[in-house]
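Biologist: Before we talk about any details, could you put the structure up for us to look at together?

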Amino acid sequence: MTPKQIVNELDRYIVGQFNAKKAVAIALRNRYRRSKLSPADRDEITPKNIIMKGPTGVGKTEIARRLAKLVKAPFLKVEATKYTEVGYVGRDVESMIRDLVEVAIRLVKDERYKEVEARAFERAVDRVADLLLKQSKELPEGITKVAVIDEVSKHNLDQMQVEISVADIPKPVELQAGGGEINIGNIFGDILPKKTKKRTVTVEEALRIIASEESEKLIDLDSVESEALKRAENDGVIFIDEMDKIAGKSSQNGPDVSREGVQRDILPIVEGCTVSTKYGNIKTDYILFIASGAFHVSKVSDLIPELQGRFPVLVELDSLGVDDFVKILTEPENAITQQYRKLLAVDNIDLSFTDDGIAEIANVAYDQNNTLEDIGARRLQSIMEHIVEDISYDINEEGEPKKVVIDREYVLNNFTTESRNLKKYVL
Ligand SMILES: Nc1ncnc2c1ncn2[C@@H]1O[C@H](COP(=O)(O)OP(=O)(O)OP(=O)(O)O)[C@@H](O)[C@H]1O
Ligand SMILES: [Mg+2]
């Protein structure tokens, strides 16, 4: 995708914030450009990491979320606050690289599964046909295997019962505080014979289970792993949210002590180092990092200088105004007004909004953000919840259709001038 196409795609979900969209789009395109260069040039060019700075609730995380769905590259979103300095109890920052590799493995596996899907299904049909011939008394006397295969593959026998043996995977045991878990089954998996148990399921489910077993056999795990490592290394994107929460001069006690330590641990990873994973070593030099945070209390300049230097692109997101709110309420796919429409339609309520109703909701949001706390677009959610509260509660038991129109007056009745300033509606 070209940078413009990426921005257009993001535009479908996020209002405004052009600079941030443009910066991530350029960074992504640069990955592609680099991949077209000679190996020698490629080695020289490292990504220009990005810091997204902006007030709360204006779309930083949302951009990352949408980007993740958009790019076919391994994409991991983490929160900086989840990590602790090496030596302390908790997850060390290197684990984010391992997590990225896991994402890449899943990505490549899914691609491979797609490739073998048809063959795996064919094999599953064959095995299910055998099971049915052996087990089922419902099949007509003397039916041939070919005929059963035909019926099964056309899904004509989907509701029939069949007994299959499935792998009995032991539950992973949590051995370590902070989420490190070791799957005993995996460790001994190669030594001990696989345990299986019998289950009776519908043919439909048997096909699904056996097909996934067969695809597992059809794909070459070694090549999946090496391809995944390569992808994570060259195309990986790690989005570090809440970066501002680990910035700032740490006080000498309390939970803050290791903030700067976490920053120091992140340094080599962003700079480029080698991390060992259970699939092999991975170089972090070409992974793109996007850090994000409000940087309201602590500033970007409160990050340790070495770290700042490794994020050369700084984009600021704008705080949102009345016009933005109007657009956010109506324009994005599955915008919040649409969400409520769909929800209430389940109870036969036909909810609609007039233009002046929408404008008034945006006004109230803007006012409350000014007088209370500026929480950006999240304000819209608390306001909407308040507006539809009675409508959601007071539904017809008989499910008779009901029509509700939210216009300016309706909004004004819900929010008097005073109530716009009332703390009652604070999240
Ligand atoms: N520009 C925007 N366009 C559309 N929706 C938005 C926009 N900004 C925020 N929203 C909506 O508001 C909510 C909060 O946004 P988001 O999670 O991106 O905030 P944030 O900038 O990451 O804030 P924080 O600094 O608190 O993490 C989301 O549901 C998002 O869909
Ligand atoms: Mg966020």
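**Confidence, sheet and ligand shell**

Modeller: In this predicted model, pLDDT stays under 50 over residues 176-180, a stretch that has six contacts beyond four places in sequence. Where pLDDT is low, the predicted coordinates should not be read in detail.

Biologist: What pLDDT does the chain average?

Modeller: The stretch 176-180, with its pLDDT under 50, is one part of the chain to read with care. Over the chain, 89% of the residues score at least 70, and the average pLDDT is 85.

Biologist: Which residue in E10 stands opposite isoleucine 240?

Modeller: Strand E7 (residues 237-241) and strand E10 (residues 288-293) run parallel and are joined by four bridges. The residue in E10 that stands opposite isoleucine 240 is alanine 291.

Biologist: Which residue in E9 is the bridge partner of threonine 274?

Modeller: Strand E8 (residues 274-277) pairs with strand E9 (residues 280-283) in the antiparallel sense, over four bridges, and a hairpin of two residues joins E8 to E9. In E9, the partner of threonine 274 is lysine 283.

Biologist: Which helix gives the most to the shell around ligand 1?

Modeller: The ligand is surrounded by 17 residues, and Gly59, Lys60, Thr61, Glu62 and Ala377 are the closest. They divide into seven nonpolar, seven polar and three charged residues, and at least three come from each of domain 1 (3-102 + 235-316) and domain 3 (322-413). With three residues, the helix that gives the most is H4 (residues 60-70).

Definitions and conventions
Residues numbered from 1 in each chain as written. Chains lettered and ligands numbered in written order. Predicted model: local features only at pLDDT ≥ 70, side-chain atom pairs only at ≥ 80, totals over all residues. Near = placed C-beta within 6 Å. Nonpolar A, V, L, I, M, F, W, Y, C, P; charged D, E, K, R; others polar. Domains from an automatic or database assignment. Pairing = 2+ DSSP bridges. pLDDT = per-residue confidence, 0-100. Contact = placed C-beta atoms within 7 Å.
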